[in-house]
Amino acid sequence: MKHLKAKESFLYYNNFAIDRNANIYLMRDTTSIDNEIIEKEIVVYNSELEEINSFSYKEVFDYLMSTQNQDWFSRFYITHDNLFIIGTKHNRVFVLNFDGQVLNTFYEKDETLIGKLHGQGQFVAQKNHFAEGFFDTKDNRILTLTYGYGFGGINERGRFIIGISKEKNPSFLDTEPFATTYINDIWANLDATTPIWIKNMDTSNVKFPNLWHELDEYKAYENSLFPLYLKNQEEYLKTLYTHKLSNPSRRYKSCNSHHLKINQVIDLNENQILATIFTDMQSKSSKPDKNTGYYFIILDKNTGKIIKDISPNDTTVYQNFPMLIVDDKINQRLLFKTEENLFLINYLGEIYFQLSLTDRKFAPFRNLSYLGIENGISFFYDNKKNMIYSTVIGGGTSEIEEVILNLTNEIKKVKL
């Protein structure tokens, strides 16, 4: 196991990235003696957590932090041709090389429009912004995710839109965003006027109601507990209490439809993707707790239709940040860690292994969040020690517990 002291702020969104070679990218500030920030860098570490490169992102930072823009970093991404992408909460996109040179941008260039409203509360600038996040598919296309409504009106595009590139290996160096096709979205206000879509997105298969309103029709899900609620509410609630299950029927008390976001989009196979849905945590009423629902939804990649939902028997995911599913491509499975359990999920959406972490022998490991896995190298974040660890978790279920116990013993030795 290797470890590295982390800058805590990378957790605020997903301000880190892991590339195909198991290199991890983190932010770093260099300060002077009087604590004045003199450099803002992206630092690249290999799987041994050794620094191998760094480059400046100060030009992007200075633009976003101007009084006029009030934007913030949201997600990093490394392209197939080794460009570094910074996506923001307002869906601005900056394209950098590994020398820190800004090669391209996607956002409204007319500064006189920034912040000005058009029509029913829509920012004109949003029309020429792109997306907040990008995710690879197994056939070399790119899934896009637009950041939607933020509490307080920070982003008036108003919806979390999942799309997919029409072409393989699309370029981030063209003057316009690459062409995408709409898959599905979360949009709570169906009475709104014409929404602002991603530029160059084919919206021919847009349907209403959308993803969140389909979730309301929970009686349709044959693979979850929802039908049980309709048949026997007492038995349903007893089951929830026994297994600490996420409870969609109570979402309006702690996490209503205006306070949800799509957190990740993961490619599963030729026809299906997985979307994870959590509270956006931008309202006091949606502060996550054990009663807050979260949803893992398998969608048809072509039609956006909901195929299945997955309900892990654990809501202690909210104890650790960030809340991520990681894709173990080598073993063709997904891994999801909460404070109390490690779940192994196959690409069909079936939880086929669950390791309980409630025993005291796993205590240090319980504090870890799973950041990602590439080439068999797993990266974890220690929420108490503010450390990042890299290790090999193994392939077989029989060895996972042994590996985790060894990792736990190593964590105990790490000095703050």
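Reader: How much space lies in the largest pocket?

Author: Rolling a probe the size of a water molecule over the atoms shows where empty space is left. On a 1 Å grid over the protein atoms alone, a pocket is an open set of points with protein on both sides within 12 Å along at least five of seven lines, whereas a cavity is a set where a 1.4 Å probe fits but cannot get out; lining residues have an atom within 4 Å of a point. Grid points are joined across faces, edges and corners, and the volume is the space filled by probe spheres set on the points. Here the largest pocket holds about 860 Å³ of space. Its lining has 33 residues, and those closest to the centre are Ile-18, Phe-135, Asp-136, Lys-329 and Glu-374. Elements that give two or more residues to this lining are β2 (17–18), β6, β12 (133–136), β17 (260–267), β21 (325–328) and β25 (368–374), where strands (E, at least two residues) and helices (H or I, at least four) are DSSP runs numbered from the N terminus.

This is a predicted model, in which local features need pLDDT of at least 70 and side-chain atom pairs count only at pLDDT 80 or more, while totals for chains, interfaces and linings use all residues. Residues are numbered from 1 along each chain as its sequence is written, and side-chain values use heavy atoms, with hydrogens and water left out.

Reader: How do the residues of that lining divide into nonpolar, polar and charged?

Author: Ala, Val, Leu, Ile, Met, Phe, Trp, Tyr, Cys and Pro count as nonpolar, Asp, Glu, Lys and Arg as charged, and the others, Gly among them, as polar. By that scheme the lining of the largest pocket has 16 nonpolar, 7 polar and 10 charged residues.

Reader: How many aromatic pairs does a search of the whole structure find?

Author: Rings of Phe, Tyr and Trp (its six-membered ring) pair if their centres lie within 6.5 Å, and planes under 30 degrees apart count as stacked, over 60 as edge-to-face and the rest as tilted. The search of the whole structure finds 27 aromatic pairs. In one of them, Trp-72 and Phe-73 have ring centres 5.1 Å apart and planes at 80 degrees, so the pair is edge-to-face. Burial is read from relative accessible area (buried under 20%, exposed over 50%, partly exposed in between, with a 1.4 Å probe and protein chains only): Trp-72 is partly exposed at 27%, whereas Phe-73 is buried at 0%. Phe-278 and Tyr-318 also form an edge-to-face pair, because their ring centres lie 6.1 Å apart with planes at 90 degrees. Phe-278 lies in strand β18 (residues 272–279) and Tyr-318 in the loop between β20 (306–310) and β21, so this pair ties together parts that are 40 residues apart in sequence.

Reader: Where is Asp-71 found, and which residues does Asp-71 touch?

Author: Contact means heavy atoms within 4.5 Å. Asp-71 sits in the loop between α1 (58–64) and β6 (73–78), and it is buried at 4% relative accessibility. Not counting residues up to four places away in sequence, Asp-71 touches Leu-64, Met-65, Thr-88, Lys-89, His-90 and Arg-92. A polar atom of the Asp-71 side chain lies 3.2 Å from the backbone nitrogen of His-90.

How values were computed
A polar contact is a pair of N or O atoms within 3.5 Å; within protein, one must be able to donate a hydrogen and the other to accept it, and residues adjacent in sequence count only if both atoms are side-chain atoms.
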